[in-house]
Amino acid sequence: MKWAIGIDLGGTNIKAGLVDCESGTVVRKVTEPTRDGEMRERSEPVFVSSVRACVAHLEEQAGVAGLKVGLSAPGLCSADGRCVQWMPGRMAGIEGLDWGAVLERPVRVLNDAHAALLGEVWSGAGRGCRDVFMLTLGTGVGGAVFAGGRLLKGRIGRAGHLGHVSLDANGVPDACGTPGSLEWAIGNLTIRERTHGIFGTTHELVTAVRSGDVEAVGYWEESVRRLAVVVVSLINVLDPERVIIGGGIASGAGATLFSPLRRYLNILEWRPDGTAVPVVPAEAGIWAGVLGAVWDGISHTAQPC
């Protein structure tokens, strides 16, 4: 049996897993708070020592030292995969941090949305696909593209930021400066603005939709219609076998999201062969990033281990 360690370093929590590379499963799991912004002596972020401790614990569980490690994190990663090169505003100390030096072994670093899609392709809703894209709906909207059996990264690692495509050239700029983006249209970050202060979270909005609140249904339907517009546009550009929708909003809303989404797709999608592209919920859950980090860290190819 072949083991590797995946680390998903998030803004709130660190998820670490011992991965069985033969089955694509996480067999041992550790979760620690990230404690973003807290620093130790020598200006080392607290999360550095936490990651070291997670790796040591998982190696002890496996009974093997020196295991290969893949790490996913927010931000744009360097072309050589050694560090996060750009992550302004949070995760203090992560920019330029050489994780190979930190963990005293080769470490491949990957953007967290990219890692989540690889996890889904390896052991989730994208299993067996060579052409698939993913949208993650949460505080913001993330995304990633797998095309021709390879992860699309682009020149500086920016590829896959699908939440920042524009639906309205005259709309409000988002965090990346994109006017009227998908992230603005459905991300939790803008829910108060979009509902004129009536709802504080998307969870509150979805709960009201389920109770039959007419005003809530109107707000929700508009957000889902905009999501459908982006999905069909990306289908036209990428011609995927499947579309995966993940993130906290998707998992929490369930059929309340997917039923109207598919209804709009039936109206909007271009289907030259008469067949709809399946749009499915993510399956790998919160450990998708751990799996994807291992895939990228071990192989850099379409075969994970």
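The model is predicted. The protein chain has 305 residues, and 53% of them count as buried. Its secondary structure comes to 10 helices and 12 strands.

**Overall shape**
- The radius of gyration of the protein chain is 20 Å. A compact globule with 305 residues would have a value near 19 Å, so the chain agrees with that expectation.
- Along the principal axes, the C-alpha atoms fill a box of roughly 55 × 45 × 35 Å.

**Contacts within the chain**
- Consider contacts between residues at least 6 apart in sequence: 59% of these join residues at least 24 apart.

**Surface and charge**
- The protein chain carries 28 positive and 32 negative side chains.
- The centres of the positive and negative sets lie 3 Å apart.

**Thr 202**
- Thr 202 lies in helix H6, which covers residues 202–210.
- Buried means under 20% relative accessible area. Thr 202 has 4% relative accessibility, so Thr 202 counts as buried.
- Thr 202 is in contact with Asn 188, Ile 191, Trp 220 and Ile 249, leaving aside its neighbours within four places in sequence.

Conventions: Residues are numbered from 1 along each chain as its sequence is written. This is a predicted model: local features need pLDDT of at least 70, side-chain atom pairs count only at pLDDT 80 or more; totals for chains, interfaces and linings use all residues. Side-chain values use heavy atoms; hydrogens and water are left out. Helices (H or I, at least four residues) and strands (E, at least two) are DSSP runs, numbered from the N terminus. The radius of gyration is taken over C-alpha atoms; the globule rule is 2.2 Å times the number of residues to the power 0.38. Buried means under 20% relative accessible area, exposed over 50%, partly exposed in between (1.4 Å probe, protein chains only). Contact means heavy atoms within 4.5 Å. Lys and Arg count as positive and Asp and Glu as negative; His and the chain ends are not counted. The place of a charge is taken as NZ of Lys, CZ of Arg, CG of Asp or CD of Glu.
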